[in-house]
Amino acid sequence: MTAHPLPRAGDVASDLCCRWMAPAMNMAAAASAVQMLAPDRAAAGWAAADWAGPPRVATRTPGLDARSVGAAREFSLAMMRRWGVADRVDDIGIVVSELLTNALRHGVPDSAAPRRWPLRLGLVQPGRYVLCAVADPGRRLPVLKEPDYLAESGRGLHVIGALSDTWGATTPTGAGKVVWAMFAVRFSQPAAARWSAGYQAAGP
């Protein structure tokens, strides 16, 4: 697993570690009225409480087997603890599990298996928010359907919608799509204490 510090919000889209997440971050920013990628904070009307420092980013490349779902959930929970997220941690873990499960079931055709990066998981913490994003090579957008309460599956998007503040998916391209979910969270420490220690990259 890797965690990357980003020096400025305006650099997010160009940073190689999360270029694939930039469209999802823009969508989430617009949907939640948080201008995460605006180059000028003052012009965007950002409040200091909404952007206490540069966003933190953690990424992981899950495997294509069912065990990767549990590993991704534990990775997400560990990052939330590391970032000092005080609430909604379990919700974030569940949503990451659902995002990845959906990607494995519907976004990874057999032809995608040889690819180097068939799936990607990204976590971003800008200010008071956490964004969870999963990229897959599929070109079909997720569709929210009436759930069959007798079926053992098919309720993932309903769970994502119920637990997150907002969610969505980027327009599919030749590289696939990104499905994301956003959470407003509280922290166990004041913003100044969280950022004063600087940023450390997580080890493998």
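Two strands pair if DSSP finds at least two bridges between them. The legends below describe close-up views of a predicted model.

**View 1. Strands β3 and β4 form an antiparallel pair joined by 5 bridges.** Among the residues concerned, G122 has A133 in β4 as its bridge partner. The two strands make a hairpin with 3 residues between them, in which G127 adopts a positive phi near 60°.

**View 2. Strand β4 is largely enclosed by the rest of the structure, because 8 of its 8 residues are buried.** Y129, L131, A133 and A135 point one way from the strand, while V130, C132, V134 and D136 point the other way. The residues of both groups are all buried. β4 also pairs with β6, in the antiparallel sense and over 8 bridges. Within this pairing, V134 has V179 in β6 as its bridge partner.

**View 3. Strand β2 pairs with β3 in the antiparallel sense.** β2 spans residues 56-60 and is mostly covered, with 4 of its 5 residues buried.

**View 4. Helix α4 spans residues 89-106.** The helix has 18 residues and reaches 26 Å from its first C-alpha to its last, close to the 26 Å expected at 1.5 Å a residue. Its buried residues include V89, I92, V96, L100 and L104. An α-helix has 3.6 residues a turn, so residues three or four places apart point the same way. The buried residues of α4 pack against the helices α3 (67-83) and α5 (156-163), and also against the strands β3 (120-125), β4 (129-136) and β6 (177-184).

**View 5. Helices α3 and α4 pack with their axes 9 Å apart, at an angle of about 150°.** Angles over 145 degrees count as roughly antiparallel, and α3 is therefore roughly antiparallel to α4. The crossing in which α3 passes α4 is right-handed. From α3, the residues S68, V69, A72, R73, S76, L77 and M80 take part in the contact. They meet V89, I92, G93, I94, V96, S97, L100, T101 and L104 in α4.

**View 6. Residue N102 lies in helix α4.** Buried means under 20% relative accessible area. N102 counts as buried because its relative accessibility is 18%. Leaving aside neighbours within four places in sequence, N102 is in contact with G107, G156, L157 and I160.

Definitions and conventions. Residues numbered from 1 in each chain as written. Predicted model: local features only at pLDDT ≥ 70, side-chain atom pairs only at ≥ 80, totals over all residues. Heavy atoms only, no water. Expected span 1.5 Å × (residues − 1). Buried < 20%, exposed > 50% of the residue type's maximum accessible area, 1.4 Å probe, protein only. Contact = heavy atoms within 4.5 Å. Axes fitted to C-alpha atoms, helices over the stretch in contact; angles between N-to-C directions. Parallel < 35°, antiparallel > 145°, perpendicular 65-115°, else oblique. Left-handed = near helix turned anticlockwise from the far one by under 90°.
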